[in-house]
Amino acid sequence: MGARVLFQNDWQTVLEDVLVQPFYEELRAFLKDEYRRYTVYPKMHDLYQALHLTAFAGTRVIILGQDPYHGPGQAHGLSFSVPDGVPFPPSLKNIFLELEQDLGIKEPLSGNLTGWAKQGVLLLNTILSVRAGEPGSHRGRGWEKLTDTIIARLGARHEPLVFMLWGRYAQSKRPLIDESRHLVIASAHPSPLSAHHGFFGSRPFSRANAFLVQHGLPPIDWEKTTL
């Protein structure tokens with residue numbers, strides 16, 4: 001019996017062997033129970049939004065987050081992004097500050113980064129769900145096995161990619177990436193606790209575009225956050 005169809009794009013083939021493994025069945029059972037008993041973010045239908053919006057073959061940049069926002073209405077399946085009309089969390093505010101310093105792009109009206117995702121920026125958290133108000137509550141339940149596979153398969157891809165690894169946790173995934181063909185931009189995390197210790201001034205957006213252009217690939221229009 002094959003894997004259940006989760007993705008209407010090439011991720012279905014890329015991850016087919018993972019979706020039939022016992023750990024994934026255990027993760028599904030855990031999530032079913034969690035969504036029944038607790039408030040969990042994001043909504044169940046948004047769990048795989050990053051993969052739905054950004055196909056494997058279409059990925060050009062990966063921005064790796066940790067787990068989703070744990071406040072009401074914030075998480076919608078894309079790392080660091082929030083839906084239209086939701087106030088910017090501090091990390092996202094700092095990302096926009098660095099975007100302005102780097103490329104002169106003014107802070108957008110919305111923190112919804114769907115426009116980046118549709119251009120090939122995979123906004124991937126390493127853990128894809130969280131209990132309301134309990135950061136890290138879904139660690140060690142199987143998400144890491146799935147997302148490590150995603151990172152490793154992108155990291156082994158022949159076509160050049162840019163990986164933005166912000167903070168120590170994201171940088172712990174560096175061994176999964178073949179740096180002979182891909183660019184890794186590693187810096188401090190954009191959270192207020194660490195942004196002044198190496199995130200501000202790191203110029204990730206211009207560096208990513210310079211690398212893409214150098215390899216004959218179209219740059220990301222970072223001003224087009226929302227479509």
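**Pockets, cavity, helices and loops**

Guide: The lining of the largest pocket is made up of 6 nonpolar, 10 polar and 2 charged residues. Keep in mind that this is a predicted model.

Visitor: What volume does the largest pocket have?

Guide: The volume of the largest pocket is about 330 Å³. It is lined by 18 residues, and the closest to its centre are Gln66, Asp67, Pro68, Tyr69 and His189.

Visitor: And what is the volume of the second largest pocket?

Guide: That one is about 280 Å³. Its lining divides into 7 nonpolar, 2 polar and 3 charged residues.

Visitor: Which residues line the second largest pocket?

Guide: The lining consists of Arg4, Leu6, Tyr24, Arg28, Leu31, Lys32, Met44, His45, Leu47, Tyr48, His52 and Trp143. Helix H2 gives the most to this lining, with 4 residues.

Visitor: How do you find empty space in a protein anyway?

Guide: Empty space shows up when a probe the size of a water molecule is rolled over the atoms.

Visitor: Ok. How many cavities of 30 Å³ or more are there in the whole structure?

Guide: The search finds 1 cavity of 30 Å³ or more. The largest cavity has a volume of about 70 Å³.

Visitor: Which residues line the largest cavity?

Guide: Its lining is formed by Leu47, Tyr48, Gln49, Ala50, Leu51, Pro68, Gly77, Leu123, Leu124, Asn125 and Leu128. Helix H3 (49-53) and strand E3 (121-125) are the elements that give two or more residues to it.

Visitor: What about H4 and H8, how far apart are their axes?

Guide: The axes of helix H4 (residues 90-103) and helix H8 (residues 204-214) are 7 Å apart, and the two helices pack at an angle of about 60°. That makes H4 oblique to H8. H4 makes the contact through Ile95, Glu98, Leu99, Asp102 and Leu103, and H8 through Pro204, Phe205 and Ser206. This contact of H4 with H8 has 5 nonpolar, 1 polar and 2 charged residues.

Visitor: Where are Phe80 and Arg203?

Guide: Phe80 lies in the loop between strand E2 (61-65) and H4. Arg203 is in the loop between strand E6 (183-187) and H8.

Visitor: Is Phe80 buried or exposed?

Guide: Phe80 counts as buried because its relative accessibility is 9%, and the cut-off for buried is under 20%. Arg203, at 43%, counts as partly exposed.

Visitor: Which peptide bond is cis?

Guide: The bond from Tyr41 to Pro42 is cis, with omega near -5°. Pro42 lies in the loop between strand E1 (40-41) and H3.

Visitor: What does Ser91 touch, leaving aside its neighbours within four places in sequence?

Guide: Ser91 is in contact with Phe80, His189, Pro190, Ser191 and Pro192. Ser91 itself is in helix H4 and is buried, with a relative accessible area of 12%.

Visitor: Last one: where is Gly133, and is it buried or exposed?

Guide: Gly133 is in the loop between strand E4 (130-131) and H6. Gly133 is exposed, with a relative accessible area of 52%. From Gly133 to Phe96 the separation is 37 residues in sequence and 24 Å in space, C-alpha to C-alpha.

Notes. Residues numbered from 1 in each chain as written. Predicted model: local features only at pLDDT ≥ 70, side-chain atom pairs only at ≥ 80, totals over all residues. Heavy atoms only, no water. Axes fitted to C-alpha atoms, helices over the stretch in contact; angles between N-to-C directions. Parallel < 35°, antiparallel > 145°, perpendicular 65-115°, else oblique. Contact = heavy atoms within 4.5 Å. Nonpolar A, V, L, I, M, F, W, Y, C, P; charged D, E, K, R; others polar. 1 Å grid on protein atoms, 1.4 Å probe; cavity = no way out; pocket = protein on both sides within 12 Å on 5 of 7 lines; lining within 4 Å. Points joined across faces, edges and corners; volume = space filled by probe spheres on them. Buried < 20%, exposed > 50% of the residue type's maximum accessible area, 1.4 Å probe, protein only.
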